[in-house]
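Student: I am new to this structure and would like to go through the terms used for it. Please show it to me.

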Amino acid sequence: MSKYTVALTLLCVLCISLGQILFKKAAAAFTEPITWYALVSNGWLIGSFALYGLTTLGWVWVLKHVPLHLAYPFMGLAFLIVPTLAWLLLGEPLHWRTFAGGC
């Protein structure tokens, strides 16, 4: 893999991880029963869909240029990045078991 494809692959993993944080923020924004209007007016949800859409296009590009057996293991990093971002951005607890399970 070239440096460029490694960088784009890592960017995809980071964006997928950030998308999970946005989905969590979207879920927290629903204070009443979820209605169609609540879905389409939730900025966190719209942002997470947009990020996931763009990231999916990037991931398709990666898969076009990199064999799956090389690209897919990078997705495992999300198991470490998501809890770290949740700790940093949402104040969620972070335990050593999280990293032990992610390794």
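Tutor: What follows is a set of questions on terms, each answered from a value and a definition.

Tutor: This is a predicted model, in which local features need pLDDT of at least 70, side-chain atom pairs count only at pLDDT 80 or more, and totals for chains, interfaces and linings use all residues. Residues are numbered from 1 along each chain as its sequence is written, and side-chain values use heavy atoms, with hydrogens and water left out.

Student: Why are α1 and α3 called roughly antiparallel?

Tutor: Helix α1 covers residues 3–29 and helix α3 residues 43–65; their axes come within 8 Å and cross at roughly 160°. Axes are lines fitted to C-alpha atoms, for helices over the stretch in contact, and angles run from 0 to 180 degrees between N-to-C directions. Angles under 35 degrees count as roughly parallel, over 145 as roughly antiparallel, 65 to 115 as roughly perpendicular and the rest as oblique. The angle of roughly 160° is over 145, and α1 and α3 are therefore roughly antiparallel.

Student: Which residue kinds form the contact of α1 with α3?

Tutor: That contact divides into 18 nonpolar residues, nine polar and one charged. Here Ala, Val, Leu, Ile, Met, Phe, Trp, Tyr, Cys and Pro count as nonpolar, Asp, Glu, Lys and Arg as charged, and the others, Gly among them, as polar.

Student: Which hand does each crossing have?

Tutor: α1 passes α3 in a left-handed crossing, and α1 passes α5 in a right-handed one. A crossing is left-handed if the near helix is turned anticlockwise from the far one by less than a right angle, and right-handed if clockwise.

Student: How do you know that E32 is exposed?

Tutor: Buried means under 20% relative accessible area, exposed over 50%, and partly exposed in between (1.4 Å probe, protein chains only). E32 has 62%, so E32 is exposed. This residue lies in the loop between α1 and α2 (36–40). E32 and F74 are 42 residues apart in sequence and 37 Å apart in space, C-alpha to C-alpha.

Student: What makes Q20 partly exposed and I21 buried?

Tutor: Q20 lies in helix α1, and its relative accessible area of 35% falls between the two cut-offs, so Q20 is partly exposed. I21 also lies in helix α1, but at 6% relative accessibility I21 counts as buried. For the chain of 103 residues, 26% count as buried.

Student: Which residues form the largest nonpolar core?

Tutor: The largest nonpolar core has ten residues, including C12, W59 and M75. Such a core is a set of buried Ala, Val, Leu, Ile, Met, Phe, Trp, Tyr and Cys residues joined through side-chain atoms within 4.5 Å. The elements giving two or more residues to this core are α1 and α3, and α1 has the largest share, four residues.
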